[in-house]
Amino acid sequence: MKVDVSVDVSLGEEEIYEISFSSIIDAVCEVMVIPTELLMSKSRPSYLCEARFIAYYLGWLMTKRSLPSLGRCMDRDHTTVMYGRDKCISLMRSRKGFRDIVEKVKEVAYRNESRRRQAAQLRL
């Protein structure tokens, strides 16, 4: 059985195919209303874990980084990133509200990346 999955993401005139992990981290912190330091900390309340799960999932989905690379960015092991990614997928399947949050983070991440690219072009 052959499955063909294609995704077309466009933001007005400019199309963004890859997003930096820092844009994803900023988007997670903005939507979940938590400081970056807290997201990166070793603290484990459920709201922080879920925010990290979203970051791992979107990092895996929207960047070309490997799982070990994503883990190094967050000072975690690649198996932690794998677990978080899988847990995020599971939560999106079981909780519509969680899926909506992930979609909102995606939108904010695209917006952040678009702003970063525009700022970089202005500096040139």
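## Burial and overall make-up

A residue counts as buried when its relative accessible area is under 20%. By that cut-off, 38% of the 124 residues in the chain are buried. The model is a predicted one.

The chain holds 6 helices and 0 strands. Read from the N terminus, the order of elements is α-α-α-α-α-α.

## Helix 5

Helix 5 covers residues 78-94. Its 17 residues reach 24 Å from the first C-alpha to the last, close to the 24 Å expected at 1.5 Å a residue. The buried residues of helix 5 are Val81, Gly84, Arg85, Cys88, Leu91 and Met92. Seen down the axis of helix 5, these buried residues fall within an arc of 130°, so they line one face of the helix.

The face of helix 5 turned away from the buried side carries Tyr83, Arg93 and Ser94, which are exposed. On the buried side, the packing partners of helix 5 are helix 3, helix 4 (67-73) and helix 6 (96-123).

## Helix 6

Helix 6 has 28 residues and reaches 41 Å from its first C-alpha to its last, close to the 40 Å expected at 1.5 Å a residue.

Where is empty space left? Rolling a probe the size of a water molecule over the atoms shows this. The second largest pocket contains about 190 Å³ of space.

Which residues line the second largest pocket? They are Lys42, Arg44, Cys49, Arg52, Phe53, Tyr56, Arg76, Thr80 and Tyr83. By class, this lining has 4 nonpolar, 1 polar and 4 charged residues. Helix 3 (46-62) and helix 5 each supply at least two residues of the lining. Helix 3 gives the most, with 4 residues. Tyr83 belongs to the lining of this pocket and is also one of the exposed residues on the face of helix 5 turned away from its buried side.

Technical notes: Residues numbered from 1 in each chain as written. Predicted model: local features only at pLDDT ≥ 70, side-chain atom pairs only at ≥ 80, totals over all residues. Heavy atoms only, no water. 1 Å grid on protein atoms, 1.4 Å probe; cavity = no way out; pocket = protein on both sides within 12 Å on 5 of 7 lines; lining within 4 Å. Points joined across faces, edges and corners; volume = space filled by probe spheres on them. Nonpolar A, V, L, I, M, F, W, Y, C, P; charged D, E, K, R; others polar. Expected span 1.5 Å × (residues − 1). Buried < 20%, exposed > 50% of the residue type's maximum accessible area, 1.4 Å probe, protein only. Arc of directions from axis to C-beta. Contact = heavy atoms within 4.5 Å.
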